[in-house]
Each structure stands twice: as structure tokens, then as C-alpha cells.
Amino acid sequence: MADTEPGPRRSDRSPWNWLLILPVVVPLLTFLFNRDKPRLGGFPFFYWAQFAFILLGVGCTTLVYLMTRRPQDTIARDSGTASETED
Amino acid sequence: MSGRHTTELVIFAVIFVIVSGMGFLAARWRRPDNMKSLDEWGLGGRSFGSWVTWFLVGGDLYTAYTFVAVPALVFGAGAAGFYAVPYTIVVYPLVFLVLIRLWSVSHVHGFVTPADFVRARFGSSTLALLVAITGIVATMPYIALQLVGIQATLEAMGVKGHWPIVIAFAILAAYTYQSGLRAPALIAFVKDALIYVVILVAIFYIPHKLGGWSHIFGSAHAKFEKTPAPTDGTFLNHNNQLNYAMLALGSALALFLYPHSVTGVLASKNRNVIKRNMAALPAYSFLLGLIALLGFMAISAGIKPVTGANGKPDGNTIVPLLFDHVFPSWFTGVAYAAIGIGALVPAAIMSIAAANLFTRNIYTEYIRKDASPAEEATVSKLASLVVKIGAVLAILLLDPQFSIDLQLIGGVVILQTLPSVALGLITRWFHRGGLIAGWVAGMAAGIWMLYRIPNPANGHKHFGGSAYALSDIGIDTKMTVYVGAIALAVNLVVAVVATIVLKAAKTADGVDVTRTSDYYADEGDPKVVRGTREVEEGLAT
């Protein structure tokens, strides 16, 4: 179907997208962080670890965004080769 | 009313009036040639850049109710209430991957609502109607709850009676009618700025006054040790850990199925704006986590909730009371204004989203098939008024607890549109009949489980929470699970089985009028003119 379509052929597939699994899965694994020690600035681990996961989410999403930007935004050369290897 | 409350009230009223003025002036902001279409009134011209979208979507998702209810939950139950943080971490990568396709396909086809998309994708007006009704039903109590947020601040200032809420909502209704989505977009700047200032001051100033974070967590721990309830505490236990993770994931999936979130996303001008925002919006999650901890601060400060109209302590008043307890009165006024305005932004967007669903998927679909864009805009404006009047009446005439119960049901209910909307963005495998069967089964399972959940805190026998005890179906455990996730699982299984059966029986399926490339389209790409009805012509040319 895709071959007969007019207009530019595009896809948002990229191996970088797999990185987004991290911030989706890690915050749900409660057994990893449901504890008191080590504390940070008086915060039990349970609380500061979940604040830290916010940074994990921001980091992963930003990286995937930068690596999968489209050509008109001056795409990085290495992300181009990365998507080729996947196809 | 003491002099202290007078200062608070004056500051609250002044900020409220300034913001209302902005709401009316917003009609002139980024003024279009013609305001008379849903694209302009209901989606702000689909033109918002990264900054406006960040404030708008942030102001939309983190509501006044969140600001009072999440700390109230932490105040009452401890760690279990902190699920709001993982919930708002998990949601953004999901949007980054899935909902962005809805932006593209809507850009090409001019969709305004998620039900518009379902109509075109699965060729079923019945399925679209189910999605639209689900959206409206889930959104209405959410709007009503924004009033609960305002009411909590008014109660803390000693204001009795319902007239201030009625006035506030009348003003809100008037400027939303006039300015459409531009009003909440502009007000969101003020709302978010106020919230950030208040919370940053709160998290440095209050722990300093109360004796440090260790002391705050210590007094919370001491409080929960004394209570007999098995599910509270400053940490999770093995009975509620699974529920915590399921609730976080289920709420995240539900969040971006809500029509008002879709409205915020569709109003942005291109895909990169959305992607950048998915990286930047977690800044609000940080804020939300800090707000949640206000619940522990309230415990440490010895706050006792105000007794509500129903004679029971109203946990939603603890944050306003905490502010009143620790801040000088002028700053308390600012903090209350932040919460109050925090209610206006989402209430406006939600009423616009519900109105658009009514207009596009009920009015234009079933009542006036040839409605012009101008007529659609007029109908939507009037529908937004009706929706707000309904919300005010719900709060005035019913027990607020009823709205809270309905909102809880809303999250479970909206999840049942996930197979049609979210999975529909990824695959066209499902049969329209399978999706309808799944929706019916998921909805029935969800409501049945919610009905079976009692609330020991207020003595209600039904609809007492979203944590379903597995012992209710005879499993020998104290573990609880999130109703929404189970109902969604039922929905998916039925949808898959019914799809296989219908395909094997070669039952007629709807026609998909979208094309694969539509899901990757971006700003500047050609559009199919005017909705789904002309799509066939568009393909022919």
C-alpha cells in the first residue's frame, strides 16, 4: 500500500525509540526503590529515587528527540545510518 | 471573618480579576482573519509553538484538583498517594511514540476530536459515537472537580455559601465563549508562573519552619504507625505495590485519552513542538512530586482538615490550611489565587473539548450533516456553556463526594477507548465490531468492579476507590489491583477474539480513509479539505 502513495515516503521508526522503554518501565518496578536507605538530604530513597526517574525520563526523551529529528532540522549523520541498519 | 482573611481575599480577588480580563482580551491574541470555525475557536488555529504548548498542556494536565487532591491523598494514605509522580513520568514517552501520530493524521484530515479519527479509521459512526460519549462522560465530572479546588481555598478563607463559585464560573464561561482555546492558553502563563513561585517558596520555607525534611518524614511515619489501616505508611507494602504500579500505568494511559489532552496536543503547530514538549513537560512532574509532599508537611505541622458540608472532615482543605498556617497572609492570598486560577485553565479546555465532541460527533454526525464551519463553531460555543452550567449544578445539587466517585469512574471509563484510539493509531488490524464488543465488555467489567469496592473511611458500600481486592473473586490474598487495568485487559481480549471471529465469518468491516503516510505528515504537508466526508474526492484527484 505504501508504495503506491504519492508524496514523500516517511516513517518514524528508529532503533533509538527503544530507549523510551526505560522511563516507562523503571518507575513501575516498585521493588527497586520501596526502601528507606540510602537517604538524600533527609529524603528516604523511595521519594528521591522517583524524583530522579523524572531526570531519566527527560534524558531519554531528549536523546531520542535529538537522534530522530527530520532532515529539515539538520539531522545528525549517525542517526541516518542507524535507521538504515534497522531497515 | 478576621482581618487576616480579608487580606487573603483581597489579593485573591485582585489576581482573579486581572486574569479574567486577560481571558476576554485573549480573543485578540494571534488574531485570526475569521474566528468562526472549530479550528480557530476550539484549537487556537492549530498554531501554538513550543512555549505556548508547554504552558497550555501543563496547565491542562496539572489541575487545581490535582494540587489539592494529591497532597490530600498523601496526607491520608502516605506513599500510595505518591503514584502521581511515576504516573506523570510514564505518560510522556508513550505520547512521544503514539499520540504524535494522531497530530499528523488530524493535521491531514482536519480532525478536531479523537472520535473524528476513529470515524475515519474504522468507518464506523457507531464506534465514533461510543468514543465521543465516553469522552464527554469522563470529562464532565473532571470539570466539576475543578470547582472543588476553588471551593477548598474559599472554605479555608472562611467564605461560606455557593455564590462565589457561581460568579467565578460565570466569568469563566463568558470568556471561554468569546475567546475559545486562546483564553486558557494565555491565562496558563499566569497560572503556571504563580504555581511555580508558590511551590518553590513552599518547599524551601515550610521545611525550614518545621525542622527539616528528616523531621517531616519522621512525623508522617509516626502518624501512620498509629493507624490500624494496613494500606497506609511512608512506604508501600506487599499488598499495594502492584496496585501502585498498575495505577501509575493505567492513569498514564488514561491521561492522554482524555479529550482535553488531545485538544492541547492538536493545537500545536508541528510534530517537533510536541516532541520537544514531551521532553520538557516532566518539569511539572517535579512540581507535582513536591506538591504531593505538602501532605507530609501538613501532618508535621499538625493540620486538621475543615469539616465539610456533609459533616465529615474534608481532606482537600489541608493544603490551603497549611498555607494559611505557615505563610504571611498576603502570600497565602497569592497561593490561593494560584490554586483558584489553576482550576480555570483546565476547566476551560475540558469544556471546549467536550463541546467539540458534541458538535463533531453528535450534532454534525446525526442532527445537521451539512453544518458549515461557522455553524459548528456556534454550536460548540453554546455547548461549552451547557457543559459548565452542568458542572456547577453537579457541585451545588449533589454531594461533592459524588463528583469524586464519578471522576474515579471516569479514568476507568476513558481507558476503554484505548483500543480504538491509541491502538488504532498503530494498527488497522481490529474489526470495528470487535472494538465495539471490547468496549462493551471492558465498560461492564470496570463498572462492576468499581461497584464492588467499599470505602471504609466514609462508610460508602460502593464506588469507594479504584483498588480492587482480589479476595472479592475468591483469591486468597490481601493484594489489590487497579480496576482500570483489569477492565482494559478484558476489553482487549474480547476485541481480539471478536475480531478473529468476525474476520473468519467475513463480516463487512468499515473502510479506512486514512493512508499510512498520513500518520507521519508534518506542518506544510498537503491537507485533505474539510473533514472526512470529502476524503474520497481527495483521493480521486
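# Exercises on a predicted two-chain model

B:Asp525 is buried, with a relative accessible area of 18%, where buried means under 20%, exposed over 50% and partly exposed in between, using a 1.4 Å probe and protein chains only. This is a predicted model, in which local features need pLDDT of at least 70 and side-chain atom pairs count only at pLDDT 80 or more, while totals for chains, interfaces and linings use all residues. Residues are numbered from 1 along each chain as its sequence is written, chains are lettered from A in the order in which they are written, and side-chain values use heavy atoms, with hydrogens and water left out.

**Exercise 1.** Locate B:Asp525 in chain B and find the backbone atom that lies 2.8 Å from a polar atom of its side chain.

Solution. Begin with the position: B:Asp525 sits in the loop between α21 (483-504) and α22 (535-540) of chain B, helices being DSSP runs of H or I with at least four residues, numbered from the N terminus. Then turn to the side chain of B:Asp525, which has a polar atom 2.8 Å from the backbone nitrogen of B:Asp522.

**Exercise 2.** Describe the secondary structure of chain A and state what share of its residues is buried.

Solution. Count the elements of chain A, which come to 3 helices and 0 strands, a strand being a DSSP run of E with at least two residues. Read from the N terminus on, the order in chain A is α-α-α. Finally, of the 87 residues of chain A, 40% count as buried.

**Exercise 3.** Characterise the interface of chain B and chain A by its contacts, its buried area and its residue classes.

Solution. First take the contacts (heavy atoms within 4.5 Å): 44 residues of chain B touch 38 residues of chain A. Next comes the area, since the size of an interface is often given as the accessible area lost when the parts come together. Chain B and chain A bury about 3700 Å² between them, 66% of it on carbon and sulfur atoms, a value summed over both parts and found with a 1.4 Å probe. In chain B, the residues that lose the most area to chain A are B:Ile89, B:Phe235 and B:Tyr520, together 17% of what that side buries. Then look at the elements, where α5(B) gives the largest share of the side of chain B that touches chain A, with 9 residues. Lastly, sorted by class, that side of chain B has 27 nonpolar, 10 polar and 7 charged residues; Ala, Val, Leu, Ile, Met, Phe, Trp, Tyr, Cys and Pro count as nonpolar, Asp, Glu, Lys and Arg as charged, and the others, Gly among them, as polar.

Note on methods. Polar contact = N/O pair within 3.5 Å; in protein donor to acceptor, adjacent residues only side chain to side chain. Buried area = accessible area lost by both parts, 1.4 Å probe.
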